[in-house]
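Please walk me through this model stop by stop, saying what to select next and what is found there.

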Amino acid sequence: MAKQITLEEIKSLDHNKLSELLYGMIDTNEELYDRLEKMILSSNPKELVKSIKKDISSIKRGRKFIRHGASFHLSKQIWAIVENIESFLYMEGHSVEAAALLKELMLTDTKVYSRTDDSAGVVSDAYEYAAEVWGKCSVDMDEDVIYSDIQELLVSDDYGVREILSDELPRTVLEKIYNEYYATFDRYLDDEGYGEYKVMSILHKCAHLMQSPKHYIKASILKSEKLDDAELLDIAKEYKYIDDISNVIDTLEKIEYLPRHKLGTLFEMKIWAHDKQGNVTDKVAAYKEFYEKTKEADVLLKYLELLEDETLKLQEKEKALKEVEEYDFSQASRFYKTLNEKELCAKYIVDKQNELKTSSLHTAELKALLKWLRNDHPQETILLLRDLCESSLATKQSKYYGSSIWALGEMLNIEEENDTLSWGIEENSEYIERLLKKHKQKRRFMEMFHSEFE
């Protein structure tokens, strides 16, 4: 690895030599040229603003369609403009000029998006960076100007809401924006519901930044006076944001049903509230309910850690482990590994060796499982490798055959590392003989096998 050059080492270089080096590079390095130009102009803010305006106009005037690969270069250009505004105007005390330029830049986004394949999201990231810096600049602006700029910037008709609302904005401005959109909510309703979604996101964002759950609820009931369970969960989050413990609990208790993927958020808030109150009994009960509804091993561990009664702790663990016996392979293996129950995991593999589905685990997860079992349970590890081998060969796509070759190699390595006299599984040599006979028509696999093992 090359030695990292430090800033101190660069500072120690002769100024003239460093200047000559940079001068020799600027004709072939567009980014360096631009940075040096802006640095030179930073002593003359009017000329600097003029130069940055020229860069923005270049973005604005573009007509050519920008394909995916070229979007990264465009992103760099936009990012460089924002960095120049931030470094040489905002950081030097020219916030108002900086904000005006950033607004001008952000207003180019609609035309840019319409002619760009931004599937990588890099161009939108650059514009979000502009919005972030605009938020910092707004601190030094008159509130009426901030409000006017937000009204101009907030919604792009074609691409939704721009990310310019932030906690740097004065509460009075946020409330004024909220009241404006609240009063005109009906104007944005359309058949697709997109207009409603845009306005609701603005109202909720303003309410969040104002740290006002009351405003959040007021906006939510614009659609319907009866709040659904997902909306109640979001409202509970707003109460948690301001550390209003009692209202978090009261709101969560009104929730009747949530899909599995939202249960974590629900119970984490319940546990947070009971923790804040110092209510250990309800915290334990929440963890118990959390586990019963999700059957997640890490939740069980946290629940068991809280139990002081050792007999109860053992009973709850045994009950959970009994249930795992009926789980499918992926769920069971994750559970056993989380609880570090190697013996039970090995027994499960042997008992259900015809029902294993190693393909249901991600590659990294499967390899971690194999490594965890390998030393103490080599036979069971081999059974997993054989399932991996066969599942890779079950497909007609030869690109997966490499996994089979790797699995076979690992099986043979494990056999070499252990005394196999007491093993109860079929010997590798017999297994491989059967495997080759079964898949002899897979020419590519046979070629790979003979290349690797003969």
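Is Glu-454 buried or exposed? Select Glu-454: its relative accessibility is 66%, so this residue counts as exposed. The model is a predicted one. Glu-454 sits in the segment that follows α25 (443-453).

**Ser-71 and its surroundings**

Move to helix α5 (residues 68-88), where Ser-71 is placed. Ser-71 has a relative accessible area of 0% and is buried. What is Ser-71 in contact with, leaving aside its neighbours within four places in sequence? Show Ile-66, Thr-116, Asp-117, Val-122 and Val-123, which are the contacts of Ser-71 once those neighbours are set aside.

**Aromatic rings**

Next, display the aromatic side chains. A search of the whole structure gives eleven aromatic pairs. Zoom in on Phe-267 and Phe-290, an aromatic pair that is stacked, with 5.0 Å from centre to centre and 10° between the planes. This pair links distant parts of the chain: Phe-267 belongs to helix α15 (residues 260-277) and Phe-290 to helix α16 (residues 280-294), 23 residues apart. Are the two members of this pair buried or exposed? Phe-267 is buried, at a relative accessible area of 0%. Phe-290 is buried as well, at 6%; the cut-off for that word is under 20%.

Then select Tyr-401, Phe-445, Phe-449 and Phe-453 together. Ring pairs link these four residues into a cluster.

A second case is found at Trp-272: here Lys-240 lies over the face, at 5.0 Å from the ring centre.

**Salt bridges**

Begin in helix α4 (residues 45-61), which holds both Lys-50 and Glu-47, three residues apart, or about one turn of the helix. Their side chains meet in a salt bridge of 3.4 Å, N to O. Glu-47 counts as partly exposed, with 33% relative accessibility.

Go on to Glu-325 and Lys-322, whose side chains form a salt bridge with an N to O distance of 3.6 Å. Glu-325 is partly exposed, at a relative accessible area of 33%, whereas Lys-322 counts as exposed at 55%. The cut-off for exposed is over 50%.

Now select Asp-376 and Lys-342. The salt bridge between their side chains is 3.0 Å, N to O. Why does this pair tie together parts that are 34 residues apart in sequence? Asp-376 lies in the loop between α21 (363-374) and α22 (378-393), while Lys-342 is in helix α20 (residues 342-351), so the contact joins those two parts. Asp-376 is partly exposed, with a relative accessible area of 48%, and Lys-342 also counts as partly exposed, with 22% relative accessibility.

For the network, select Asp-34, Glu-37, Lys-38 and Asp-55: salt bridges that share partners join these residues into one network.

**Cysteines**

For the last stop, show the cysteine sulfur atoms. How many disulfides does the structure hold? The number is zero. Centre on Cys-206, which is in no disulfide; its nearest cysteine sulfur belongs to Cys-137, 20 Å away. A disulfide would need two sulfur atoms within 2.5 Å. Cys-206 counts as buried, at 0% relative accessibility. Then centre on Cys-345, which is in no disulfide either; the nearest cysteine sulfur is that of Cys-389, at 20 Å. Cys-345 is buried, with a relative accessible area of 2%.

How values were computed: Residues are numbered from 1 along each chain as its sequence is written. This is a predicted model: local features need pLDDT of at least 70, side-chain atom pairs count only at pLDDT 80 or more; totals for chains, interfaces and linings use all residues. Side-chain values use heavy atoms; hydrogens and water are left out. Rings of Phe, Tyr and Trp (its six-membered ring) pair if their centres lie within 6.5 Å; planes under 30 degrees apart count as stacked, over 60 as edge-to-face and the rest as tilted. Helices (H or I, at least four residues) and strands (E, at least two) are DSSP runs, numbered from the N terminus. Buried means under 20% relative accessible area, exposed over 50%, partly exposed in between (1.4 Å probe, protein chains only). A charge sits over a ring if NZ of Lys or CZ of Arg is within 6 Å of the ring centre and within 35 degrees of the ring normal. A salt bridge is a side-chain nitrogen of Lys or Arg within 4 Å of a carboxyl oxygen of Asp or Glu. Contact means heavy atoms within 4.5 Å.
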